[in-house]
Amino acid sequence: TAREPGRRKVVRFWRSFRPTEADESRPDALKPAGDEILDEVAARPDVGPLVDILQSNLTEWLGTTQPRRWVTTIVLPPCEEFGIVEKWAEQNGFEVAPEPTAEEILRADLRCLPEMKGDRPLVIPRLERWVLRHHHGLQLVRELLMRLDSIERHCVVGCNSWAWLWLSEVADASARLPAPLTPAAFEGQRLGRWVHALAEPS
């Protein structure tokens with residue numbers, strides 16, 4: 001028909017905007033960047049200042065020979081993967097309680113619980129790793145929390161926020177341990193400094 005040549009021109013025009021099979025700009029042709037590339041483009045924020053903040057907030061309490069509470073609780077975001085509490089404990093040479101294995105948790109092996117008396121401060125960096133979502137997975141952490149309630153040495157207990165809420169429901173964590181300290185959010189000024197540092201040529 002007379003309209004056919006015009007229709008073909010319109011089709012060719014719209015097809016000119018479609019990526020070809022070899023066009024790597026297509027979303028399904030893109031490959032995810034690895035962690036090394038992402039870290040090079042946008043390095044992760046330095047956790048050193050957070051460790052320093054933790055130190056400054058706990059120094060006075062650690063120097064008290066008869067504190068009102070022997071335990072300090074630190075609740076961190078669920079995505080925290082830098083080991084802030086672990087790094088702080090290692091820098092100070094404190095005793096870090098080894099995490100129990102899954103088998104020890106399921107059989108509630110009390111031999112893996114840390115000593116409640118000692119000369120050095122005790123640090124339990126990740127309370128969430130003392131429990132399993134299993135009908136035999138709560139007894140060990142409940143025993144740990146009960147013993148921490150009567151501990152006689154400085155002890156710092158870390159936990160991620162999601163696990164803290166859950167353990168408060170199923171194991172009375174918030175009743176057994178003092179109200180937690182939580183790092184301040186990554187506010188605008190710090191975020192601006194980090195972005196500015198990323199934009200500077202290396």
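**Entry 1: the aromatic pair**

I started at Trp88, which is buried, with a relative accessible area of 0%. The model I am reading is a predicted one. I then looked up Phe94, which at 15% relative accessibility counts as buried. Next I asked how many aromatic pairs there are. The count comes to one aromatic pair. It is formed by Trp88 and Phe94 and is edge-to-face. I noted 5.2 Å centre to centre and 65 degrees between the planes. I wrote down both values because a pair of aromatic rings is described by the distance of the centres and the angle of the planes.

I also looked at Trp166. Arg133 lies over the face of Trp166, and I noted 4.2 Å from the ring centre.

**Entry 2: the chain overall**

I listed the secondary structure and found nine helices and four strands. Read from the N terminus on, the order is α-α-α-β-α-β-α-β-α-β-α-α-α. The chain has 202 residues, of which 33% count as buried. I then took the contacts with a separation of 6 or more; residues 24 or more positions apart account for 80% of them.

**Entry 3: Glu104**

I placed Glu104 in helix H5, residues 102-106. Which side chain of opposite charge is nearest to Glu104? Arg107 is, at 4.7 Å.

I checked what else the side chain of Glu104 meets. One of its polar atoms lies 2.9 Å from the backbone nitrogen of Thr101. I then left aside the neighbours within four places in sequence, and the contacts of Glu104 were Asp109, Cys112 and Leu140.

**Entry 4: salt bridges**

I searched the whole structure and got eight salt bridges. I wrote up some of them.

Arg129 and Glu99 meet through their side chains at 3.4 Å, N to O. Where do Arg129 and Glu99 lie? Arg129 is in the loop between strand S3 (122-124) and helix H6 (139-148), while Glu99 is in the loop between strand S2 (95-96) and H5. The pair therefore ties together parts that are 30 residues apart in sequence. I logged Arg129 as partly exposed, with a relative accessible area of 41%. Glu99 is also logged as partly exposed, with 37%.

Arg111 and Asp109 form another salt bridge, with 2.9 Å from N to O.

Arg126 forms a salt bridge with Glu128, and their closest N and O atoms are 3.9 Å apart. Both Arg126 and Glu128 are buried. I followed the links onward and found Glu86, Arg126 and Glu128 joined in a network of salt bridges.

**Entry 5: Ser168**

I found Ser168 in helix H7, residues 161-170. Ser168 is buried, with a relative accessible area of 18%. The side chain of Ser168 reaches the backbone oxygen of Trp164 at 2.8 Å. Not counting residues up to four places away in sequence, Ser168 touches Ala173 and Ser174.

**Entry 6: positive phi**

Ala108 has a positive phi, near 50 degrees, and is not a glycine. I placed Ala108 in the loop between H5 and S3. At 13% relative accessibility, Ala108 counts as buried.

Asp172 is not a glycine either, and its phi is positive at about 55 degrees. I placed Asp172 in the loop between H7 and helix H8 (173-176). Is Asp172 buried or partly exposed? At 45% relative accessibility, Asp172 counts as partly exposed.

Terms used: Residues numbered from 1 in each chain as written. Predicted model: local features only at pLDDT ≥ 70, side-chain atom pairs only at ≥ 80, totals over all residues. Heavy atoms only, no water. Helix = DSSP H or I, 4+ residues; strand = E, 2+ residues; numbered from the N terminus. Buried < 20%, exposed > 50% of the residue type's maximum accessible area, 1.4 Å probe, protein only. Lys, Arg positive; Asp, Glu negative; His and termini not counted. Salt bridge = Lys/Arg side-chain N within 4 Å of Asp/Glu carboxyl O. Polar contact = N/O pair within 3.5 Å; in protein donor to acceptor, adjacent residues only side chain to side chain. Contact = heavy atoms within 4.5 Å. Phe/Tyr/Trp six-rings, centres within 6.5 Å; stacked < 30°, edge-to-face > 60°. Lys NZ or Arg CZ within 6 Å of the ring centre and 35° of its normal.
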